[in-house]
Amino acid sequence: GVAGCTAFSPPVRNYILTRWPSSRSRPLAMMADGDGDGDSDGDGDAVLGAILESSSSPVPGAARGIGEYWPGERTAKPAPPPAPGAMATALRSVPPILVLPGFGNDRTDYLENAVGAVPTLNRRGFNTTVLAVKQSMWLQVFAKGALDWSFLRGSATCESPSYSWYISMAIEEIERLCAEAGGERVLLVGHSAGGWLARAVVGLMGQERASELVRGVVSLGAPHQCPPEGVVDVTRGVVGDLETRFGASKMSRWGVPVITVAGDCLTGDPSSEFPWNRASASAYSTLTPGDGTGVIGDGVVPLESALLDDAALRLTVDCMHSVVVPGTTVSSTVWYVAESRVDSWLEPTVRLLAKLEAESI
């Protein structure tokens, strides 16, 4: 097993449900035609390329227009974005947001004009920055790991050189943003691996610095849990180290609440006629026991891996994992910070921050 990992958690229960639209039981037959023109033209997002509405399969009305970022966005006279549901004005002091990219992602993946993560969050009154990670930088994980015996053994810690470059960059950027905002603490929004790396950032800061610089941590589709026995831990032990040293409840006691968000739009099924359900099962099997059959998640990370039992909030959203349509630089219409999904987790996050803010007065 991996050092620091405990037995795998049972299926999640009693989590806050904030799904949009309701879809856990809906058929996932949306692979061919995104805009109704009869061809597979690459709109949308899915595990294997594009999750699109199929003209030959029954799809609930809520899934219509999945190729658009919001209704009317792709008409001859594009409609403006809808009024945001979650607004920073609900907070007495508004934290700057630092987005921490996921493994293999580039900073530019989150910047697409009008529809990327940055403009989507900025429309809600936040000043959003993305950590300046280039895709090529992720090669350091393997290059440095090859020279690190603990990494090779699968017992790496948060201080591992394979990830220390990312953590150092994040801490420097947090300090800069906090200073520019006149001392206002930063809200970390970590996507995928950026979610558990955000916890490492806070943990390695220590209680005093973290409580002064970080307002909270939001993880979006992050694989927080240790993998099952016999499955290679892609973090090489770091998530186990986090579980042992820097649990979410500990960070809450530091004044840094952790909000974990998971997607629940795809159920794994290795024998499914639909390729995205088969691909999801394969992905889930690297993070949960078994072959992924019946496991629910965002197509890459299972619900039970992305939600921490001791998190301040545990939220689910009907969304996909990838920030961009796979194989392109086009922002996905159905990922965690898509216009139609973002308020499902941002609204309760803002409410929690407002509550903690009021209690501190």
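Tutor: A residue is called buried when its relative accessible area is under 20%, exposed when that value is over 50%, and partly exposed in between. The model is a predicted one, and the part to look at closely is helix H4, which runs over residues 161-180. Its 20 residues reach 29 Å from the first C-alpha to the last, close to the 28 Å expected at 1.5 Å a residue. After H4 comes Gly182, with a positive phi near 70 degrees.

For a residue in a loop, turn to Arg123, which sits between helix H1 (117-122) and strand S3 (128-130). Arg123 counts as partly exposed because its relative accessibility is 25%. Setting aside residues up to four places away in sequence, Arg123 touches Trp70, Pro81, Pro84, Met87, Ala114 and Glu339. With Glu339 the side chain of Arg123 makes a polar contact of 2.5 Å, and with the side chain of Thr120 it makes another, of 3.5 Å.

Finally, the largest pocket holds about 670 Å³ of space. Among its 29 lining residues, Phe103, Ser192, Ala193, Val300 and His321 are the closest to its centre, and the elements giving two or more residues to that lining are helix H2 (139-145) and helix H5 (193-205). By class, the lining has 17 nonpolar, 11 polar and one charged residues.

How values were computed. Residues are numbered from 1 along each chain as its sequence is written. This is a predicted model: local features need pLDDT of at least 70, side-chain atom pairs count only at pLDDT 80 or more; totals for chains, interfaces and linings use all residues. Side-chain values use heavy atoms; hydrogens and water are left out. On a 1 Å grid over the protein atoms alone, a cavity is a set of points where a 1.4 Å probe fits but cannot get out, and a pocket is an open set with protein on both sides within 12 Å along at least five of seven lines; lining residues have an atom within 4 Å of a point. Grid points are joined across faces, edges and corners, and a volume is the space filled by probe spheres set on the points. Helices (H or I, at least four residues) and strands (E, at least two) are DSSP runs, numbered from the N terminus. Ala, Val, Leu, Ile, Met, Phe, Trp, Tyr, Cys and Pro count as nonpolar, Asp, Glu, Lys and Arg as charged, and the others, Gly among them, as polar. The expected span of a helix is 1.5 Å times one less than its number of residues. Buried means under 20% relative accessible area, exposed over 50%, partly exposed in between (1.4 Å probe, protein chains only). Contact means heavy atoms within 4.5 Å. A polar contact is a pair of N or O atoms within 3.5 Å; within protein, one must be able to donate a hydrogen and the other to accept it, and residues adjacent in sequence count only if both atoms are side-chain atoms.
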